[in-house]
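Colleague: I would like to learn how to read a model of this kind, one feature at a time. Please give the general idea where there is one, then the case at hand.

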Amino acid sequence: MIKHSDIPQPFLAAFSPSWSWCSHCHRAYLAGSVRTVASPSGKRHAKPHTVHICAYPDCDGILRRIEWPWSIYRSWHPDQPATPEQDIIYPA
């Protein structure tokens, strides 16, 4: 029987769900789990629009590029794990 701990981390990461890293709060979350805020049309926007923000409710990283695929983040920080953990702050 092969133990989970015996499987190389890069191999496991290839079969794991995709992760994203928030450049505002510096935490990782499952890709696609962002919060969506819908805004009606008004003085600032002629049409209704949708804004995607970080998955963490306590992060106020809105209206700017905050989400980066974990693979890109790891290209900047190769010392970080192949699969991140939720609620861990990773360095910028």
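Modeller: We will go through the elements, the sheet, the cores, the salt bridges, and a few single residues. Keep in mind that this is a predicted model.

Colleague: How many helices and strands does the protein have, and in what order do the elements run?

Modeller: There are 2 helices and 5 strands. Starting at the N terminus, the order is α-β-β-β-β-β-α.

Colleague: What holds the strands of a sheet together?

Modeller: In general, the strands of a sheet pair through backbone hydrogen bonds, and the pairing is parallel or antiparallel. In this structure an open sheet has 3 strands, in the order β2-β1-β5, and the pairing is antiparallel. Its edge strands are β2 and β5, each of which pairs on one side only. On average, neighbouring strands of this sheet are turned by 40° against each other, with direction ignored.

Colleague: How many bridges join β1 to β5?

Modeller: The antiparallel strands β1 and β5 are joined by 3 bridges. As for residues that face each other, serine 20 stands opposite proline 69 in β5.

Colleague: Where do nonpolar side chains tend to be in soluble globular proteins?

Modeller: They tend to be buried together in such proteins. In this model, the largest nonpolar core has 8 residues: Cys22, Cys25, Tyr29, Cys54, Ala55, Tyr56, Cys59 and Ile66. A second, separate core has 6 residues, among them Trp19, Trp21, Ala28 and Tyr90. Over the whole protein of 92 residues, 26% count as buried.

Colleague: Which residues does cysteine 59 touch, not counting residues up to four places away in sequence?

Modeller: On that count, cysteine 59 touches Cys22, His24, Cys25, Arg27, Arg35 and Cys54. Cys22, Cys25 and Cys54 belong, with cysteine 59, to the largest nonpolar core. For the protein's contacts in general, take residues at least 6 apart in sequence: 51% of the contacts between them join residues at least 24 apart.

Colleague: Arg27 is in that list of contacts. Which residues are linked with Arg27 in a network of salt bridges?

Modeller: Asp58 and Asp87 are linked with Arg27 in the network. The structure holds 2 salt bridges. One of them joins arginine 27 to aspartate 58, where the closest N and O atoms are 2.7 Å apart. Arginine 27 sits in the loop between β1 (19-22) and β2 (28-30) and aspartate 58 in the loop between β4 (49-53) and β5 (67-69), so this pair ties together parts 31 residues apart in sequence.

Colleague: And how far apart are the closest N and O atoms of aspartate 87 and arginine 27?

Modeller: In that salt bridge they are 3.8 Å apart. Aspartate 87 is in the segment after α2 while arginine 27 is in the loop between β1 and β2, so the pair ties together parts that are 60 residues apart in sequence.

Colleague: Where is histidine 26, and how does its accessibility read?

Modeller: Histidine 26 is in the loop between β1 and β2. Because its relative accessibility is 22%, histidine 26 counts as partly exposed.

Colleague: One more residue, histidine 77: where does it lie, and is it buried or exposed?

Modeller: Histidine 77 lies in the segment after α2 (70-76). It counts as buried because its relative accessibility is 16%.

Colleague: What does the side chain of histidine 77 reach at 3.3 Å?

Modeller: At that distance the side chain of histidine 77 reaches the backbone oxygen of alanine 92. Leaving aside neighbours within four places in sequence, histidine 77 is in contact with Pro91 and Ala92.

Notes. Residues are numbered from 1 along each chain as its sequence is written. This is a predicted model: local features need pLDDT of at least 70, side-chain atom pairs count only at pLDDT 80 or more; totals for chains, interfaces and linings use all residues. Side-chain values use heavy atoms; hydrogens and water are left out. Helices (H or I, at least four residues) and strands (E, at least two) are DSSP runs, numbered from the N terminus. Buried means under 20% relative accessible area, exposed over 50%, partly exposed in between (1.4 Å probe, protein chains only). A polar contact is a pair of N or O atoms within 3.5 Å; within protein, one must be able to donate a hydrogen and the other to accept it, and residues adjacent in sequence count only if both atoms are side-chain atoms. Contact means heavy atoms within 4.5 Å. A salt bridge is a side-chain nitrogen of Lys or Arg within 4 Å of a carboxyl oxygen of Asp or Glu. Two strands pair if DSSP finds at least two bridges between them. Axes are lines fitted to C-alpha atoms, for helices over the stretch in contact, and angles run from 0 to 180 degrees between N-to-C directions. A nonpolar core is a set of buried Ala, Val, Leu, Ile, Met, Phe, Trp, Tyr and Cys residues joined through side-chain atoms within 4.5 Å.
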